[in-house]
Structures are given as structure tokens and as C-alpha cells.
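Let's take a friendly look at one protein chain. Have the sequence and the 3D view ready, and follow along as we go.

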Amino acid sequence: MKKWLIDSFLPMWAKETVLADNRRLKRQLREMAQENKEMKAYIQGLETGIRAGKKITIHSGGKS
């Protein structure tokens, strides 16, 4: 239905503007989704590192 509205009622310059904005916003959404994925992986790595740092390690029988 959106395509029909765009094709039927908007003048050519407005159609081009709407379609260009739509492409730009879709590209921006993909970039932000990728950045979000990377940030979540970074956070998960930090959380794993923090949990690993809290573990108690006992070293015995080695040379001092």
C-alpha cells in the first residue's frame, strides 16, 4: 500500500526524496545494528573477563 501511495500521489521530486531518504535510513539501520552487535560482543567479553578475574586460584608445590 505504501508503494501505491508513493507512486500515485507524490510528485516525482518528492518520490525521489522519499526513496533516497528510505535508502539512507535503511543503510543507517544496518550500520547501527552491526555496531550494536559489536558492542554486545565487547560487553560479553568484558563480563567474562571480570568473572574470570574473581576466581580464586591456588598455586601449590611450585618453586618460589
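## A salt bridge and its surroundings

At 39% relative accessibility, Arg-24 counts as partly exposed; buried means under 20% relative accessible area, exposed over 50%, and partly exposed in between, with a 1.4 Å probe and protein chains only. This is a predicted model, in which local features need pLDDT of at least 70 and side-chain atom pairs count only at pLDDT 80 or more, while totals for chains, interfaces and linings use all residues. Residues are numbered from 1 along each chain as its sequence is written, and side-chain values use heavy atoms, leaving out hydrogens and water.

Which residue forms a salt bridge with Arg-24? The partner is Asp-21, and the closest N and O atoms are 3.9 Å apart. A salt bridge here is a side-chain nitrogen of Lys or Arg within 4 Å of a carboxyl oxygen of Asp or Glu. The structure holds one salt bridge. Both residues, Asp-21 and Arg-24, lie in helix α2, three residues apart, about one turn of the helix.

Ile-50 is also placed in helix α2, which covers residues 12-53. Helices are DSSP runs of H or I with at least four residues, strands are E runs of at least two, and both are numbered from the N terminus.

| Residue | Relative accessibility | Class |
|---|---|---|
| Asp-21 | 33% | partly exposed |
| Arg-24 | 39% | partly exposed |
| Ile-50 | 51% | exposed |

Now for the whole chain. Buried residues make up 5% of its 64 residues. Taken along the principal axes, the C-alpha atoms fill a box of roughly 85 × 20 × 10 Å.
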